[in-house]
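Dear colleague,

I am passing on the structure we spoke about, and I would be glad if you could look through it with the notes below beside you.

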Amino acid sequence: MRDGFIDSRATPAAVAPYSIVAFNGTRGQVRQAAADTDPLAGIADSMGSVAGGMADVQLTQIADARAGGTLAPGDRVTADANGRAVKAVKRAGFAVFYIGFAQEPAVADDVFPVLIAPGVIDG
């Protein structure tokens, strides 16, 4: 875990370590993100969470994330189907949410730093 604002959030389902998490519609809860169209909330710490547990979620500054593919420094980062970090790209007709920007190059399964700066790419 790096410095930054961290908030503990309830997790109805398990959350993998270093995964991107999304709002699930219930106050104080998050779930592991499963698509680039999920409203992203932050990045889980190295512990993740068991189902029905609590996850420490980093909301600001730089957090470590697990890569789901090849990333270059400066790439906008979103979630794949497993909550791993992948490059966010515009898709016609969809709002693609990103959690921030890759700070180092990464390939699948690397843990790498992401500058948290959420945003949306309108398609």
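Gln61 is partly exposed, with a relative accessible area of 45%, where buried stands for under 20% relative accessible area, exposed for over 50% and partly exposed for what lies in between, using a 1.4 Å probe and protein chains only. Before going further, please note that this is a predicted model, in which local features need pLDDT of at least 70 and side-chain atom pairs count only at pLDDT 80 or more, while totals for chains, interfaces and linings use all residues. Residues are numbered from 1 along each chain as its sequence is written, and side-chain values use heavy atoms, with hydrogens and water left out.

Gln61 belongs to the loop between strand 5 (53-58) and strand 6 (62-66); strands here are DSSP runs of E with at least two residues, numbered from the N terminus, and helices would be runs of H or I with at least four. The phi of Gln61 is near 65°, a positive value in a residue other than glycine. Tyr18, in the loop between strand 1 (6-11) and strand 2 (20-23), likewise has a positive phi, near 60°. Most residues other than glycine have a negative phi.

**Strand pairing and the nonpolar cores**

Strand 1 and strand 5 run antiparallel and are joined by 6 bridges, pairing being assigned if DSSP finds at least two bridges between two strands. Within strand 5, Met54 stands opposite Ala10. Strand 4 and strand 5 also pair in the antiparallel sense, over 2 bridges, and Gln58 in strand 5 is the bridge partner of Ile43.

The largest nonpolar core has 18 residues, of which Ile20, Ile43, Leu71, Val77 and Phe112 touch the most other members; such a core is a set of buried Ala, Val, Leu, Ile, Met, Phe, Trp, Tyr and Cys residues joined through side-chain atoms within 4.5 Å. At least two residues of this core come from each of strand 2, strand 4 (40-44), strand 6, strand 7 (76-79), strand 9 (95-102) and strand 10, and strand 10 gives the most, with 3 residues. A second, separate core of 8 residues includes Val30, Ala41, Val57 and Leu59.

Leaving aside neighbours within four places in sequence, Phe112 is in contact with residues including Ala63, Ala65, Leu71, Ala85 and Ala102, contact meaning heavy atoms within 4.5 Å.

Gly42, in strand 4, is buried, with a relative accessible area of 0%. Not counting residues up to four places away in sequence, Gly42 touches Ser19, Ile20, Val21, Val57, Gln58, Leu59 and Ile99.

Thr11 lies in strand 1 and is buried at 1% relative accessible area, while Ser49, in the loop between strand 4 and strand 5, counts as buried at 9%.

**Rings and charges**

The structure holds 1 aromatic pair, formed by Tyr98 and Phe101, which is edge-to-face at 5.7 Å centre to centre and 65° between the planes. Rings of Phe, Tyr and Trp (its six-membered ring) pair if their centres lie within 6.5 Å, and planes under 30 degrees apart count as stacked, over 60 as edge-to-face and the rest as tilted. Tyr98 is buried at 13% relative accessibility, whereas Phe101 is partly exposed at 27%.

The charged end of Arg76 sits over the ring of Tyr98, 5.5 Å from its centre, the criterion being NZ of Lys or CZ of Arg within 6 Å of the ring centre and within 35 degrees of the ring normal. Arg91 lies over the face of Phe94, at 4.4 Å from the ring centre.

With best regards
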